[in-house]
Amino acid sequence: MVDIAQLVTNALVLSALYALVAIGFTMIFGIADILNMAHGAAIVTGGFAAFYMVDALGMSIWVGVLAALVVPAIFSILVYRVFVKPIEDDQIIVIITTILILLMTEHFFRQIEGTRSQVLPLLASGSTDLGVVTVQNNRILLFVFAWISIIAVFLFVNRTWIGRGIESLSMSPRGAALVGVDRNISTMTTFGVAGALAGMAGLFFGVSQGVSWDMGLDPLLIAFAIVILGGMGSIKGSVIGAHIVGSLETVTVTMIDSRLTGVVALGVMLLIIVARPHGLYGRPGETE
Amino acid sequence: MTVNASETGTEASTHSTGEIALEVDSLVKQFGGLTAVEDLSFEVYNQEILGFIGPNGAGKSTTFNCIFGTYKPTSGAVTFNDEDVTGLAPYRMVRKGMARTFQTFRPLPDRDVVSNVSLSMASNKLFTLSGLFGGTQEEAIEVCRRVGLGDDLYKTPDELPHAGMIRLELARAIATDPELLLVDEPFAGLSDNEIESLSELFQDLREEGMTFIVVDHNMRGLLDLIDRAIVINFGSLIAEGLPSEITQDETVQEAYLGGEEI
Amino acid sequence: MSDQMSLLGHLRRKLTITGLVGTPIRYYVAVLFFIGLAVAPSTGQMDVLNMLTWTASFYFIMWVISWDFVVGYTGQVSFGHTLFFAAGGYTTAILNIDHSVDPAIGIVAGTIVAALAGLLYAIPALRLEGHYLALFTLLPPLILLRLFRMFRDTTGGSRGLPNPEPLIEAGSFSANAEANYYLSLVLLILIFAIAWVITRSDTGKIFTAIRESEDAVESAGLNPAKYKLFAMVFSAMLGGFAGAVFVHTPSGSASPSQLLELAVIIEILIASIVGGFGTITGGVLGGFLVYWGRDWLRNADQTIPVIDVPMADIDILLFYGALLVLLYVLAEGILPWWYRQVDRVLTRVRGEEPSAVADGGQTWLKRQIGSLQTRYDENREENTGRFEDRRKK
Amino acid sequence: MSTDSSERMTEGAETILSASDLSVSYGKVTALKDVDITVQKGEIVSLIGPNGAGKTTFADTSMGFLDYEGSITYRGEEVADQRQSNLVSEGLIYCTEDRDLFPFMTVEENLQMGAFRSRGSYEESLDFVYDLFPRLEERKTQEAHTMSGGEQQMLAIGRALMGDPEMLIIDEPTLGLAPVIVQDISEAFDQIVEEGVTILLTEQNVIFALDHADKIYLLENGSIVKSGVAEEMQGDDYIRETYLGG
């Protein structure tokens with residue numbers, strides 16, 4: 001019984017982190033029709049931004065959190081403005097370019113920091129007894145912050161004008177232009193928000209598993225799985241997808257083999273792409 | 001107008017051999033809960049030019065796509081030259097002697113007109129050395145001349161005017177050497193002269209033994225060309241007969257001509 | 001039968017003096033290039049290490065050809081060709097190391113496994129397109145890499161397997177290198193020739209037609225699915241075969257960094273695009289450029305001024321940076337760009353109207369955009385069609 | 001109706017949209033060639049002509065969707081020099097032939113989006129639209145993609161009106177609609193005209209255009225072949241023969 005509670009807790013925390021990565025990825029896809037592989041680089045950037053704040057500048061982890069939001073947001077906006085915008089009509093070149101940016105970012109940090117994993121301090125110490133299970137306060141905070149971010153994005157998209165503009169662009173670019181949505185500003189905002197979410201995830205992964213040059217690729221791949229599962233461009237879908245993938249992952253890693261991280265998720269995704277390309281919550285009409 | 005139409009009517013009886021080329025029997029096509037084509041039956045005789053008329057969204061394209069195999073019919077049968085061809089893939093239909101044009105053109109923008117047409121002459125064999133050294137070019141050029149693209153042989157499709165694109169669509173279809181040609185809205189956007197010359201081409205090809213189904217939502221130009229017409233609306237047949245009868249038909253006028261400029 | 005007759009007749013015609021004069025210059029350039037590569041080792045200018053690097057570059061180019069063969073022509077996007085290379089290479093290496101299977105048999109087995117992997121891609125590729133296909137093809141190599149790490153005992157994990165037995169041996173190390181150099185060169189010429197002939201025949205024209213409009217192909221009486229399947233599986237076989245031979249040469253081994261990592265496919269993609277997408281010949285050009293560019297950076301002894309870092313230390317970063325720049329500058333492709341320049345010069349000299357070049361004077365990028373636009377329009381039309389259908393209610 | 005229109009025309013002599021020597025091409029095909037069109041404030045101008053004549057191209061160009069040669073200005077400012085979002089804020093609203101609705105938003109959400117840049121009162125506009133098309137109010141919680149073609153057309157026009165238009169460009173509002181619905185749209189159109197909105201209407205349906213417009217331009221193969229006041233054009237032999245079936 002306790003085991004199951006533990007499993008559920010783990011799954012919930014992991015799923016929330018995955019959702020952070022997936023939401024940004026799916027938003028960029030929805031609004032700009034771009035598979036942004038550099039999203040993985042934003043995760044790495046977030047992790048290291050926090051690490052340098054704490055390690056090199058001796059700041060508190062909370063300044064690190066701020067850095068992990070701001071730096072990757074700026075990084076993502078720059079990636080869009082400098083590299084993606086000039087070629088955004090060409091899907092294949094965009095994918096190649098963003099993969100190159102991911103590889104360059106990885107190797108940049110590898111060059112400076114080497115291949116070992118850097119440690120970030122915990123957000124909080126101690127643990128809390130939640131009745132059936134005892135959870136580290138650190139993990140509770142991760143979970144809470146992840147969900148605050150997710151809800152904030154929901155509210156942003158549904159309740160603010162600029163968010164509505166983003167939503168409308170993802171449904172009909174021409175329709176959005178007709179009602180006066182500025183595509184450029186909306187796309188940059190989306191990249192910024194996506195970058196901040198990914199950076200946040202980078203920090204959280206860093207807190208729980210350490211910061212390293214290759215920490216971006218795995219969450220990015222799992223975000224693929226989630227986004228395919230939830231339907232590209234759908235935020236709600238990716239939150240649900242994140243919970244499916246996160247639970248699946250927790251179960252396989254705990255019960256079968258810890259080396260299976262990612263494999264099951266990716267395998268499931270392969271099946272879904274073949275069986276239902278638009279995902280479980282996808283909107284038809286993209287390709288058919 | 002009426003006189004003219006009845007003339008074409010008599011012409012039909014002289015041209016058509018009376019043998020059935022294509023028979024559509026109780027065709028039904030549903031998309032999800034929507035019925036786009038409802039229990040539609042008709043036949044086309046050899047060497048006939050059949051007009052297939054109906055307002056936008058009446059189900060003409062869907063019927064076309066069901067005949068040609070782009071869609072699998074929900075139920076019903078399509079018989080071509082006494083052979084059941086219901087739901088065969090389009091390329092098989094072509095191999096059996098059917099061809100079609102697209103209303104929204106499907107050119108190959110990367111190559112010139114002749115190469116567009118010569119694709120229809122390529123064999124469906126994987127391992128072939130043909131085409132390495134020219135080959136089908138001459139035949140393709142012949143077809144291009146036939147449809148009036150003689151001066152545009154080496155232009156790319158994006159250099160062709162609207163009427164040229166229609167001719168290119170036709171050339172590609174004719175190059176497959178079809179017995180039955182399905183033509184989708186050939187007259188849309190054409191001037192009267194262009195309509196006339198295209199109609200003459202259809203007549204000539206018919207003389208040589210080709211059978212036509214011509215779809216259009218606009219009757220302009222069409223009534224002078226066709227031998228017989230079928231009118232559908234909301235996926236069902238509402239009238240059938242000589243062009244003169246069609247224009248007189250009250251159901252047609254009510255359901256269709258009402259808002260149209262005729 | 002008639003195919004062969006016309007081929008013979010054509011060759012006979014070509015082999016007359018007028019025929020030779022009439023052949024485009026680029027054919028002679030290509031022949032001279034390969035002859036140059038063939039005589040290079042005997043000039044004494046090439047040391048053994050150099051020879052090994054050249055050998056490795058030949059395989060890299062074979063992979064570029066295999067990628068261009070399917071993606072450049074039929075337009076089925078693949079980010080996962082490394083799966084084929086690894087299928088070929090790892091199959092034969094494992095068979096040889098664990099079961100002492102003869103390399104020749106292992107290579108055949110590797111090629112077959114790669115063909116099966118090709119089927120794995122080809123079947124979904126019939127239904128998927130664009131982003132979905134790109135994502136789909138991106139995944140299997142990444143999954144395979146994880147599996148390799150899991151089954152470290154058999155696959156060597158992220159370091160790869162030790163060298164299996166060589167396919168050919170010639171005694172001394174330098175004689176070995178030379179023998180493998182020639183073997184690889186012959187294979188390169190063979191694969192190049194096969195890919196060239198297929199893409200220039202009617203089959204190639206159908207491939208490119210599929211890229212432009214499947215509807216058009218189908219209404220010409222041709223089965224697009226058959227051609228797409230063939231292109232993918234054949235490409236997989238070419239790539240898998242090259243990968244399998246590669247691991248049996250002194251230049252290569254079955255390791256993720258050489259066969260499977262994301263970086264490998266990116267280099268191949270960029271080589272193909274930079275050289276000229278959908279041309280095969282351009283891929284050869286781009287392949288040499290990218291491969292030797294990386295090699296030069298790795299061995300560069302210059303130091304970067306301002307930041308005072310030796311180039312060789314950050315060679316990978318510089319290499320990716322350079323690729324990024326290449327991608328922007330040469331997205332059109334060197335070969336198409338060159339043809340356009342030649343055409344422009346000739347036009348000026350002769351005072352003629354510019355002739356339509358192979359790609360109609362448009363850059364690859366623009367065409368790509370064009371075809372996406374067409375697809376978008378088609379979708380839109382279908383959607384409005386669907387809306388129209390709803391009128392019925 | 002005709003007295004109305006003459007009043008409107010004298011009232012505003014101010015030019016609101018003006019194209020001169022306007023040419024647009026797609027690749028090598030010229031879609032518009034040296035077109036001159038002027039729309040005065042308060043006028044109802046109609047562009048008529050067959051399929052592929054360049055009507056939609058003109059509408060798209062006015063809204064800044066296409067590159068062009070020559071000049072086209074909205075309220076004296078070159079369209080190419082302005083952001084599209086700016087044009088919308090300035091009251092230039094375009095209702096396209098494809099409607100370009102937000103398929104997965106409800107009717108009301110679509111209307112809300114229509115007011116994205118509007119300076120006018122949201123409630124007033126919404127009331128006006130619901131008055132105009134009561135059917136939209138009945139279905140306000142329905143997603144746009146589930147509606148019929150005619151209802152979508154109403155929604156598209158409604159959404160355009162939510163933007164508080166100074167000038168409205170409507171592309172083929174009656175295309176593919178059943179006669180009954182064309183009647184509805186036609187009535188709504190008259191009410192919009194009464195609001196004093198300047199309108200550029202492109203139509204294949206010449207009868208509809210002649211019924212509603214003050215001024216007509218006939219476009220064929222990308223060039224203007226004829227132009228004039230609606231009454232004159234109605235009597236024109238060429239138009240009668242070609243477009244009204246004699």
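In this predicted model, let me start in chain D, where strand 9 and strand 10 form a hairpin with two residues between them, and where D:N221, which sits in the turn, has a positive phi of about 45°. The two strands, residues 215–220 and residues 223–229 of chain D, pair in the antiparallel sense over six bridges, and within that pairing D:L218 has D:K226 of strand 10 as its bridge partner.

Turning to the packing, the largest nonpolar core has 217 residues, and those with the most contacts inside it are A:F224 and C:F79. Helix 4 of chain C, residues 48–74, gives the most to this core, namely 17 residues. If we leave aside residues up to four places away in sequence, A:F224 touches A:F25, A:M37 and A:M269, and also C:L135, C:L138 and C:L139. There is also a second, separate core of 76 residues, which includes A:L178 as well as D:M63, D:I192 and D:Y217.

That brings me to chains A and C, where 49 residues of chain A are in contact with 43 residues of chain C. Between them the two chains bury about 4500 Å², with 77% of it on carbon and sulfur atoms, and A:I92, A:I96 and A:L100 supply 13% of the area that chain A buries against chain C, more than any other three residues.

How many salt bridges are counted between chain A and chain C? The count is one: A:D218 forms a salt bridge with C:R146, and the closest N and O atoms are 2.4 Å apart. On the side of chain A that touches chain C, helix 4 of chain A gives the most, with 13 residues.

Conventions
Residues numbered from 1 in each chain as written. Chains lettered and ligands numbered in written order. Predicted model: local features only at pLDDT ≥ 70, side-chain atom pairs only at ≥ 80, totals over all residues. Heavy atoms only, no water. Core = buried A, V, L, I, M, F, W, Y, C linked by side-chain atoms within 4.5 Å. Buried < 20%, exposed > 50% of the residue type's maximum accessible area, 1.4 Å probe, protein only. Helix = DSSP H or I, 4+ residues; strand = E, 2+ residues; numbered from the N terminus. Contact = heavy atoms within 4.5 Å. Pairing = 2+ DSSP bridges. Buried area = accessible area lost by both parts, 1.4 Å probe. Salt bridge = Lys/Arg side-chain N within 4 Å of Asp/Glu carboxyl O.
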